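Biologist: I would like to learn how to read a model of this kind, one feature at a time. Could you take me through it slowly?

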Amino acid sequence: MLKRKKLIIAYLLIMLPLLDSLFIPPAFGLQWHNAKTMYLFSAYLIPVKLLLVTIGGFLLVKQDLQHQQQARSWYHKLLDSLIFIVAGVQFIVLAIISGLYLVLGTQANNYQQQDNISVYTSDIGAFGKATHYFSYQCTDEYGFYTLNPIVTLDWLGHFSFSVKDNTLVIKHNDYAGKGDQIKRVDLTGYSCEN
């Protein structure tokens, strides 16, 4: 019975990080405080997932070595082999991502928050098209938030934003020779009241 519990623990240590990575939004779908906090939490969770998968893999190998003398059905052997392959692939991917975070750092600077306005900038770089996602954030009494999309804009260059008279004012300069520009977005209909 104890051997079976160790095997189940090994399966869980391998499969839970996979479920979080593939099917659930980062950090088990929690939306607490703001998007930048959750991004950093998910980035710091990567080495923890790596550790869990490593422990699960070692437990699985240890269980397999103990069961070599016993006759086991082909589907138990197949299941153990598949789970071990999943653990190996996860280990490689999580190790690479952890290494990249150590070398390059996180992309936490792509998130900005000011009052109820949250901005995420994606695909910054020479090869991709940068896009800014402006959202209206509502936070409940426990600190959990929801984001309601306001507008998606192409690359603005250096920008700042503020809210004045229920209007989102975005000052930007994309350095294309046009100088400082201003975009205005009406926020009518965006509020946190039910």
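Biologist: Which residue in the turn of the hairpin formed by β1 and β2 has a positive phi?

Modeller: Please keep in mind that this is a predicted model. Asp-115 has the positive phi, about 50°, and it sits in the turn of a hairpin in which 2 residues lie between β1 and β2. The two strands run antiparallel and are joined by 4 bridges, and within this pairing Gln-114 stands opposite Ile-117 of β2.

Biologist: Which residues have the most contacts inside the largest nonpolar core?

Modeller: In a regular strand the side chains alternate between the two faces of the sheet. Here the largest nonpolar core has 14 residues, and those with the most contacts inside it include Ile-117, Phe-134 and Phe-159. Two or more residues come from each of β2, β3, β4, β5 and β6, with β3 giving the largest share, 3 residues. Beyond its neighbours within four places in sequence, Phe-159 is in contact with several residues, among them Val-119, Phe-134 and Ile-170.

Biologist: How many disulfides does a search of the whole structure find, and which cysteines form a disulfide?

Modeller: A disulfide is a covalent bond between the sulfur atoms of two cysteines. The search finds 1, formed by Cys-138 and Cys-192 with their sulfur atoms 2.3 Å apart. This pair links distant parts of the chain, since Cys-138 belongs to strand β3 and Cys-192 to the segment after β7, 54 residues apart.

Biologist: Why is the disulfide of Cys-138 and Cys-192 called left-handed?

Modeller: The torsion about its S-S bond is about -90°, so the disulfide is left-handed. Cys-138 counts as buried because its relative accessibility is 12%, whereas Cys-192, at 36%, is partly exposed.

Technical notes. Residues are numbered from 1 along each chain as its sequence is written. This is a predicted model: local features need pLDDT of at least 70, side-chain atom pairs count only at pLDDT 80 or more; totals for chains, interfaces and linings use all residues. Side-chain values use heavy atoms; hydrogens and water are left out. A nonpolar core is a set of buried Ala, Val, Leu, Ile, Met, Phe, Trp, Tyr and Cys residues joined through side-chain atoms within 4.5 Å. Buried means under 20% relative accessible area, exposed over 50%, partly exposed in between (1.4 Å probe, protein chains only). Contact means heavy atoms within 4.5 Å. Two strands pair if DSSP finds at least two bridges between them. A disulfide is a pair of cysteine sulfur atoms within 2.5 Å.
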